[in-house]
Amino acid sequence: MSVVDHNAIELAPRISEADVADYIALLKPRVMSLVVFTALVALVIAPGHVHPVLAITSLLCIAVGAGASGALNMALEGDIDALMSRTANRPIPRGRITKPEAMAFGMTLAFFSVLTLGILVNWIAGSLLAFTIFFYVVIYTMWLKRRTAQNIVIGGAAGSLPPVVAWAAATGSLSVEPLLLFLIIFFWTPPHFWALALFRSDDYARAGVPMLPVVAGPDATRLQILLYTIVLVAVAAAPWPLGYFDAIYGIASLILGAGMLAFAVNVYRRRARAESLRATRKLFAFSILYLFALFATLALEVIFRAIAPTIW
Amino acid sequence: MADNRPEPDGIVLTEAQKRSRRRRSIAIALALGVLVVLFFAVTLVKGPAVLNRPL
């Protein structure tokens, strides 16, 4: 006979001690900052006037929608997050928040962000935000991430959509410009994440996530990083020859692209372990700066054109 | 004087649990407040156009 009453243990309710900071961590604030910034740039460069209240509403909804995606992603990946040093400190592996709590939090935020954007701004933007959350949670997290080395290539579409959502919020329609912004982030994602995966490949292998360095090896990953970076530089410069942006953006994109390419070549050439780690870390860090600077240049060119029409 | 109050039934929260619950409740209240303000402001902008009326 057991002296422990297992029924009593199972029935004892778990009282949460999760703090607000734990819930904020579920929103992936650093990812959210990049999402908000790219969406802000799309709002700035979109044609026509957007009322500031509607612009703030759109950004808030996009930010909350991105946070909802992050929370749902963490809810579904608690098991593998616990196995990786980079993610072991997240609220679910630490036991601060349970999976059902994170799911409820993410679903609530997703529901209200889509509903608010749809009602207050327009339903094209609201539908696109819903699709973005669905793509990140269902297509990327639930379907692709644990099944294919192309997970972040296809899944990258989710991270590329926020400027498209913002453009739709500002104009009520879609056109070529937001598609170009989408393509820039889409082709930026593989070099960025594969650089991270190269110096965290032990983590991913332990968790059984088939990232490219784990499945195809570091050399194949280095080649893919280089190839995607070449395409990225071409795509990022495209708005200039296509006539959507002028020389300021074109030249800035080529200079930044040359930097990105130099770091990617460095990653391709340096194969020794210590050198390779340094090179991939540098590429990872520069790729974040690259995207911020590229999008900032887009916004600055439009602002400059608006305030100095006579000298432009 | 003896405390004649009955022992509380059910679950008794610890101080840490009470504090974190209070902070979560305040955060939810603030979020709802922001939502109300947002709907109010956008109604003024898009609906009766109060903010855009000529002086």
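Me: Which residues in H3(A) meet which residues in H4(A)?

Reply: Happy to start there. This is a predicted model, in which local features need pLDDT of at least 70, side-chain atom pairs count only at pLDDT 80 or more, and totals for chains, interfaces and linings use all residues. Residues are numbered from 1 along each chain as its sequence is written, while chains are lettered from A and ligands numbered from 1 in the order in which they are written. Two residues are in contact if their C-beta atoms, placed from the backbone, lie within 7 Å. Helices (H or I, at least four residues) and strands (E, at least two) are DSSP runs, numbered from the N terminus. On the H3(A) side you will find A:Val31, A:Met32, A:Val35, A:Val36, A:Ala39, A:Leu40 and A:Leu43. Their partners in H4(A) are A:Ala55, A:Ser58, A:Leu59, A:Ile62, A:Ala63, A:Ala66, A:Gly67 and A:Gly70. By class, that contact has twelve nonpolar, three polar and no charged residues. Here Ala, Val, Leu, Ile, Met, Phe, Trp, Tyr, Cys and Pro count as nonpolar, Asp, Glu, Lys and Arg as charged, and the others, Gly among them, as polar.

Me: At what angle do H3(A) and H4(A) pack?

Reply: Two packed helices are described by the angle between their axes and the distance between the axes. Axes are lines fitted to C-alpha atoms, for helices over the stretch in contact, and angles run from 0 to 180 degrees between N-to-C directions. H3(A) and H4(A), residues 52-76, pack at about 150°, with their axes 9 Å apart. That makes H3(A) roughly antiparallel to H4(A); angles under 35 degrees count as roughly parallel, over 145 as roughly antiparallel, 65 to 115 as roughly perpendicular and the rest as oblique.

Me: Is the crossing of H3(A) and H4(A) left-handed or right-handed?

Reply: A crossing is left-handed if the near helix is turned anticlockwise from the far one by less than a right angle, and right-handed if clockwise. The crossing of H3(A) and H4(A) is right-handed.

Me: Which residues of H4(A) meet H1(B)?

Reply: A:Val53, A:Leu54 and A:Thr57 do, and they face B:Leu38, B:Ala41, B:Val42 and B:Val45. H4(A) and H1(B), residues 15-46, pack at an angle of about 145°, with axes 9 Å apart. This crossing is left-handed.

Me: How is chain A divided into domains?

Reply: Domain bounds come from an automatic or database domain assignment. In chain A, domain 1 covers 21-172 and domain 2 covers 175-307. Their contact takes 26 residues from each of the two domains. Helices H3 (29-45), H8 (151-160) and H9 (162-171) each supply at least two residues of the domain 1 side. H3(A) gives the largest share, seven residues.

Me: How do H14(A) and H15(A) pack?

Reply: H14(A), residues 247-269, and H15(A), residues 273-307, pack at an angle of about 175°, with their axes 9 Å apart. That makes H14(A) roughly antiparallel to H15(A). Their contact has 15 nonpolar, six polar and two charged residues.

Me: How many helices and strands are in chain A?

Reply: There are 15 helices and zero strands.
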